[in-house]
Amino acid sequence: MNFRKSMILALTIIPSLLFAQNEPGRTYVFNRSPLNTAAYVQLPLGSIKAKGWLLKQLELQKDGATGNAEALYPEKNNLGADSDWLGGTGESWERVPYYVKGLVALAYTLGDAGLIAKSEKWINWTLDHQRPDGSFGPVKMNEWWPRMPMMYAIQSYYEATGDKRVIGFFTKYFKYQLDNLDKKPLYEWGKSRTADNIEIVLWLYNRTGEKSLLQLAEKLKLQAYPWAAIFTGNQFYHYGDDFHTKHSVNVGQALKFPVLYSQLNNTAFYRDASQKGIDHLMRDHGQSTGIASGTEFLAGKSSFQGTETCTVVEWMQSLETAARIIHDVKSGDRLEKIAFNTLPAQFSRDIKSHLYYTQPNQVLCKHGNSGFDEDYDNGLLLSPYSGMGCCRYNMHMGWPYFVKNSWAATPDKGLAVVAYAPVEVNAFVGDGIPVKLQVMTNYPFEEEIRIKVMLEKTVAFPIKLRIPEWCKSPQVSVNGKTLSGVKTGQIYSINRVWSSNDEVFIRFPMEVKLSNQVNNSVTIERGPIVYGLKMDARYSISKKHPVSGFFDYEVSSSSPWNYGLVLNGRDLSETIKVQRSAMPENPFIQASTPVKLSVTAKKIPVWTMAYNKMHALEVPRSPVASSEQTEEIILTPFGSENIRISNFPVIGIPENTGKTFKEDFSRATLKDWLLYGGSWFIKDGSIHSASNKGSWGHGIHGSKAIAANTFFEDLSYEATVQLNTKGDAGLMFRVTNHVIGAEAYNGYYLGINADSGQIQLGKSSKQKWVVLAIAKQKLEIGKAYQIKIVAKGAEIKVYFNNEVKPIFSVTDEEFRSGAIGVRAYDALASIDNLQVEALK
């Protein structure tokens, strides 16, 4: 069979490539005026086939969680035959759309007949039961939000099959939306996740040119949360009791909102807002794998805060979208980091179970409460039923969407890489010439990528390569000839006349590097992979499910985990050794993963499990002293196991943090504050305790913010404290072993309570609150008060509103040193002008 016949045969599974044209000479449907015409476009579903290790992940999904989802969750309110998304009596809301969105993408990427049949059952019912007014979905579900993920599923189905029903279906529905949004505006989830809706509206506009669709996009934007302003101004916690703007899944989903809208309003404000939001999120809530924490609210930088599986896949899709529209190297870099680390860490090795929350330092997977904002007792259990039901349905899109977005078509009739992985791309370039790109690589586990170009005839077109920011010395050649001008952090375009069997060779040398984490701890990275301690994971089956091969697992370590790294100088090549082995079928199995690192370390005996025995204590502040023996430890990829330590303390001589600490919050950020339970935010020159409405976790009472790099013995500590509601708030000092929970710390707390008219000094000792002194005082909500603590040795004096005499003095010698911080117990409060001085 000649090349042309074979290419045409291969492309028959994606007929939309051949007919979805609106203008002569254009193979793909790009943005039409007035949209920004520079944006890339997704290749139709099925154009990109996974190979190698990436194909293995899709196959594991097929044989695991995705292929068995309907058997695992057969109830009518889930994926059962009596689902309302099949005309039944159930109430599955978002669950079916989430599942079908990932199922369609997996089915057509694999070309698997069984999965295609499963997906078409849901798609056909939805298309065939659109109501005369244009609305669709379950009759009794009169909400905008659940239809949004189902629209993605239908869009993907159309691009894989060319089903002519779809364009008319969307046309009718969007007319219905335009006619009804003023009468029934977006609210809650739909208001938060409007980007999904807008993306499909613009997709249809590019195919039909219907001007009312632009009017609809603008109306949707006006009814949505102002995400561009929220991202630009770090306003996630500025909305009081409204939890949508601080909910990590909503934030991850909305990251694509500004760049999507920038196609209509191509200004720097919208183009840059997503990256500004990411910068804020990573500074204040960033985790070692390049994503923000969320349990379920944005939760700070603590080493044991987690990330929800839904958050992971939504960040990935948003980054995939951003990379297509603004061609940003940073988006692709972060996408790879999350996909190669956080995503596989959320799953069991066979992708039959998942973790609702995955932590940077995760030493256990088990039943129990951790104190998170949303504190499911199975949120850290490796299970098909881990945590809230949303993730077990939404997670299916992670790997398939990564595949289908790994390459894109460009308006200048070429192709661009968004993320590197072993794939085969079947596309059209130039004036409709079929091309096959074979991307042969074991990246990110190896440094080399080969792209073989297969054509029926020579043709000129560009191939645009993303050169990662982490790579210092990238190399690109074509047919053995080295190309010049290849620079770190750029999109490098190879514009030439290509012949069949031309080959692009790419090498991204990977150096080991350290990235800074909470409490001066470090994470070790090599290329886009983050490494964690290899622990001897011990799996215990706690429940066997009716579907064969599916279990709940509790995971613990039979080996020590409390290590600090011994790093000799800045030359990491002498300290950290790279160990390579053969590439296995699945590189996310720890025993056979192809790249490991070895490094010297010492145990830190004082670093133990936290009080609740659900996670480790916060990583100790580096440098940390240890008199233990030096050992060699092995590090493996973050995603190669469900337990690991990735935030490591560094062994050394503890540093003196200085004699003073001053903060008026005029320029401060949360970068150097550790948040435990609830959250805090900085606004208008003060630090504020955030509303916990919508949270129900064990840790939201007694919300703490600890100044990370502080350590005082005898001290004078003063600040202004204003209560804005009932409850109490105030200052913490000599604090150690601080984790989530009202009394989950050792140290002292001075709080004021305007409702009860009390100033109270107490301590948390062995997880119990002990009152040391109380003074009655007339206090008002909404008024700021000056409080001052002088602690010298065992004597503690408290002063109020600059009075010369203390309101009380106590003697207590239990705690002599530690950090300072602020705390609120069931109160909204504002604290400002912190001044701490060490006393001689």
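Visitor: Where does UniProt place the feature "domain: Non-reducing end beta-L-arabinofuranosidase-like GH127 middle"?
Guide: The unreviewed UniProt entry puts that domain at residues 415-510, though such annotations may be inferred rather than shown by experiment. The model is predicted, with local features needing pLDDT of at least 70 and side-chain atom pairs 80 or more, while totals for chains, interfaces and linings use all residues. Numbering runs from 1 along each chain, and side-chain values use heavy atoms, without hydrogens or water.

Visitor: How much helix and strand over 415-510?
Guide: Residues 415-510 are 0% helix and 57% strand (DSSP runs: H or I, at least four residues; E, at least two).

Visitor: Pockets next. What is the volume of the largest pocket?
Guide: About 880 Å³, counted as space filled by probe spheres on the grid points. A pocket here is an open set of points on a 1 Å grid where a 1.4 Å probe fits, with protein on both sides within 12 Å along at least five of seven lines; lining residues have an atom within 4 Å of a point.

Visitor: What about the second largest pocket, how many residues line it?
Guide: That pocket has 25 lining residues, with Pro620, Arg621, Phe711, Thr736 and Asn737 nearest its centre. Its volume is about 610 Å³, and its lining has 16 nonpolar, 6 polar and 3 charged residues.

Note on methods: Nonpolar A, V, L, I, M, F, W, Y, C, P; charged D, E, K, R; others polar.
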